[in-house]
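Please walk through the features of this model from its backbone to its surface.

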Amino acid sequence: MRQLLLFVYVTVSCLATFSQAQVDRAGLNGTISDPSGRVLPQAQVTAVEIATGLRRTTSSSTTGTYDIPELPVGTYTITFEHPGFKPVTFVDVEEVIGRTRTLDVTLQVSGTNERMVVSANSALMDRNTSAVTGLIEREQANELPLNGRDWASLTAFVPGAIDTGGSNQRTIRFAGRGLDDSNWTYDGVDATNIVNQTQRPWVRLAIPLDAIEEFRVDSLMASAEEGATGGPQLNVSSPSGTNRFHGRLFEFLRNNVFDAPVPQWASNGETQQPLRLNQFGGALGGPIVHDKTFFFVASEVYRQNWGFPVSGDVPSAALMATVPASSPVYAIMHAFPGAGPRTFLTPWTPANDPGDPNYADYDLLTCSCRQVVNEGSVMLRLDQHFSADTTGFMRFNYDRSADTQPVSASATDLQQRVSAPVNGALELLHIFRPTLVNETKFGFNRATSNTYNYSDSGIVYQVAIATGPGPGFITQNYDYDSIYVGNSFSGLDNLTWIHGRHTLKFGAEIRRIQLNQEYGEHGKITFSTVEDLAANLVKKASLSGALPVNHLRKNDYFGYAQDEYKWSSSLTLNLGVRYTIFDLFHEVNGLANPFDFATCGPQGFCGVGASFGQQNYGDVDPRVAFAWTPWKDGQTVIRGGFGTYHEDGQLDDQNLPAKNEVPSYAATSNSSLQLTYPVGPYFSGAGTLSPNAEQRNRKDSYVEQWSLSAQRALPASFVGTVYYLGSHGVHLLETNVVNLINPATGLVQYPAFAPAVPWRGSVGESTYNGLSVALRRSFSHGLLVTGNYTWSHEIDNGSNGSGDGDEISPQNPLCLACDRASGTWDARHVINGNAVYELPFGKGKPLLNDGGTASTILGNWELTTTALARTGFPVNVLMPSSYTAPDGASGTERPDLVPGVSLTPPGGRTIADWINPAAFATPAGEFGTAPRNLLRGPGTWQVDLGVAKHILLTERASLEFRSEFFNIFNHPQLGLPQSTFNPSNTTGFGSIIDTVNTTTPISPVGSGTPREIQFALRVGF
């Protein structure tokens, strides 16, 4: 270990490579010269942030270069001065998150001061890094139509992004990487969901839109400072107060009256449901002490009440009357709901249940239930300018989102999902001298994912009845809680040193991670018929013990180094390295019990308190990149690079040993034993421990990335970029099974355990290649436009390694290569774009600016739009879960392909018939011959439109009325076809019955819905 750390230290020192990626800040650099092209040393450069008066100064070096690192995001006035030359001032210089802007200047011989305006597209010409990036400006967050106002939906509009449907953190992928590859930071500190990288789908306001100044997504090729995972780096900066008070109040509302109904093929026979959705809030910022102390506060509330109809069979009153009060099942029988305020009963009769002699024993219950989502978020930031050299800020966010909906036709049989993200940051930045700047940060991040089940039965068992005449009998819920809590505490330090042509940065982070999880005792009792329930004749019963609170702890260590080296005025090299140690979890009280045949022998269990695995110390990641401006006009930049990126993956995948302490029980009625309720007496002894196996000697996952791009400034302030993107995922976490049956002997390898024990290990791999074309115009003169097209192909051997598994394990557990195919979310063609356009009419505009009636009516209108389109995702055809292969594996077996039969139905693909069932058959051998992901589902597209009218109330205050139309053309958003092939009953196979927006819990917001209309009113000053 000492030798390895010494090697890393020497490597870092020799490279002298420290980054200027500016994760949540910006930077400014360039070259100062005279009219003959000779460089000017000792020229003074002064940058003043207009909103707060923050002033930073530096001088050019002997090579004429200057560099001002760690600037807050904002708008600046930049002045260049040198004795004997005209001072030059650039006004309205936008400094954007995560990037160093290059501003070269030529000073003329002495004279009056010259003021110049920097073109809008110059902020987009990145002459310092090779990252594949997408910037979301404040104007986009403010003005684009967003269904649900989830800021994460904006990330779908960057190069390489794919929205799978729903427009939230869990539905958007980037450049072939999966959910567990994403790295979210807020003001430079960890902002992930900890248990998983992404927030739960019902969480929309973990960071309110008004709490965002800008954010940037680097899909690939992130620098050594920010590249903490193998996927996208999503960096958000919060706004600060200014020397002028500013703020807004707003309300957005939706009502089902204005919405199109769900398509009939996806409605399940239900009519359009009532919806009441309100989002309201505001923000306020300003000075506490002019030029010194500032505050900013933002808050937003989400209230959703949506019809959620559910139906199911229940025992009839006549049958319940036959059960005496002394019966052990009396309380269970009466826990089934009856008619009530939002429920009604329809008795079954011989007419609607023909041939059933027991029709009088049950009724059909229909509930006009509701899904209720309540969410509230608040953010507070305080900034302090202690002196010209020392600044700091404190920022705190809190959000709580609760989704409550019925799990059966009972309006009181509820399940509530609760998540309460908390995030805070504390920063102190000190300028020792213009060439030496230090930034220290502390961060706190908390994530919860709790599920609470409420039941009228009051017992820890679900109660199910196997058969029923209609939709099936209601399964009574149980009283059961599942608690997941994750905390991360971060300490970071970044030191930037400018030395000649080198901008060096040294950085380190220590992150303490706490993961607490527990759940209660819970089980299930099944009766064959409702008559058996009345007679207390149990078919089968099961019980899982409670998981006591497991206190999982670990530390992660990050160190990076990078040199942004100006080889010449036209060529910048970025030579970096990152070193990471991902600690192993340990359970504080010694409760966890790892399981691994490979390292712990035939007994499988390694013993309570055993290590979760073997520590890795070799995660060294080099990063090499260049940015070349081949022509003197600076209008073309060619960039490229290569890097490796280790990552920790999903923390929930590392807690398997904590689940191995839970005993389980099961009993089934047979010819010699008839179970009755209560079932506790049938469960005796210590129970069975169902193991979760893991690869204890697994390697940390990593991704190799490379890219090459050409960027060109175009007329009308547009910038065009062409990218080639590539990546290779190595040691990706996959799921599989072990302890297989030998088909020749019929025996498992380890007879003490059941066949097909679930297993996880780092055996996955993936490849991605893509070509992306991006066109962008930053907001200026009333117009912003972005558009991206990507052709790509992602291939893997299971997709699980990206947190996106389309199958639990490979069909053949001993042949991962046999499952190599296009990944779950591989879309060959993807287009996304958005635009903001202020119509040229009204005061301050080119036309109708005289202040008359026409100017008042037609002036200050704005049009905004977003568009998403993609081709179809792969479809994986599987046998039913009841089908078991000869080796004992089930759930991921595929059928045989019938030679010569087309996968396309004879009449062509339709919603009702997308796949030809005649093309498949039951496997004749050990494994089916159908390849994984062998066909494609339908593609989709959607266009949203916003229309806004701004009304000036005073010189500084305005009123805005907005109408937003989501999926304005009401284009059908087809989901994937049903792909479980049951040879005995192919009814429904290949049909499409869902839209793409079906992330659990189903929601009426996000992309992929029918046409919806939203109205908004905002007051700003």
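Asparagine 933 sits in the loop that runs between β51 (920–921) and β52 (935–936); strands here, like helices, are DSSP runs numbered from the N terminus, with at least two residues (E) for a strand and at least four (H or I) for a helix. The phi angle of asparagine 933 is near 50°, a positive value in a residue other than glycine. Asparagine 933 counts as buried because its relative accessibility is 9%; buried means under 20% relative accessible area, exposed means over 50%, and partly exposed lies in between, with a 1.4 Å probe and protein chains only. This is a predicted model, in which local features need pLDDT of at least 70 and side-chain atom pairs count only at pLDDT 80 or more, while totals for chains, interfaces and linings use all residues. Residues are numbered from 1 along each chain as its sequence is written, and side-chain values use heavy atoms, with hydrogens and water left out.

Serine 167 also has a positive phi in a residue other than glycine, near 55°. Serine 167 belongs to the loop between β11 (161–163) and β12 (172–174). With a relative accessibility of 10%, serine 167 counts as buried.

Another backbone feature is a cis peptide bond between tyrosine 677 and proline 678, where omega is about 0°. Proline 678 lies in the loop between β37 (663–668) and β38 (688–689).

β37 and β38 run antiparallel and are joined by 2 bridges. Across from proline 663 stands leucine 689 of β38.

A further open sheet, again of 5 strands with mixed pairing, has the order β10-β15-β16-β13-β14. Its edges are β10 (132–136) and β14 (189–190); each has a single partner strand, so one side of each is left without a neighbour in the sheet. Strand β13 (residues 183–186) runs antiparallel to β14, and 2 bridges join them. Tyrosine 186 has valine 189 in β14 as its bridge partner.

Now to the cysteines. A disulfide is a covalent bond between the sulfur atoms of two cysteines. How many disulfides does a search of the whole structure find? The search finds 3, where a disulfide is taken as a pair of cysteine sulfur atoms within 2.5 Å. Counting the bonded cysteines along the chain, the pattern is 1-2, 3-4, 5-6.

Cysteine 367 is buried, at a relative accessible area of 0%, and cysteine 369 counts as buried at 3% relative accessibility.

Another disulfide joins cysteine 600 to cysteine 606, with S to S at 1.9 Å. Its torsion about the S-S bond is about 100°, so this disulfide is right-handed. Cysteine 600 is buried, its relative accessible area being 12%.

Cysteine 815 and cysteine 818 form a disulfide with S to S at 1.9 Å. This disulfide is right-handed because the torsion about its S-S bond is about 80°. Is cysteine 818 buried or partly exposed? Cysteine 818 is partly exposed, with a relative accessible area of 46%.

The surface comes last. Leu708, Val722, Tyr724, Leu771, Val773 and Trp791 make a nonpolar surface patch of about 500 Å². Patches are made of residues with over 30% relative accessible area and no salt bridge, joining like charges within 9 Å and nonpolar side chains (Val, Leu, Ile, Met, Phe, Trp, Tyr) within 5 Å. A salt bridge is a side-chain nitrogen of Lys or Arg within 4 Å of a carboxyl oxygen of Asp or Glu, and accessible areas come from the Shrake-Rupley method with a 1.4 Å probe, where for residues only the protein chains shown count as cover. The elements giving two or more residues to the nonpolar patch are β41 (719–738) and β44 (757–780). Valine 722 is in strand β41. At 40% relative accessibility, valine 722 counts as partly exposed.

How values were computed. Pairing = 2+ DSSP bridges.
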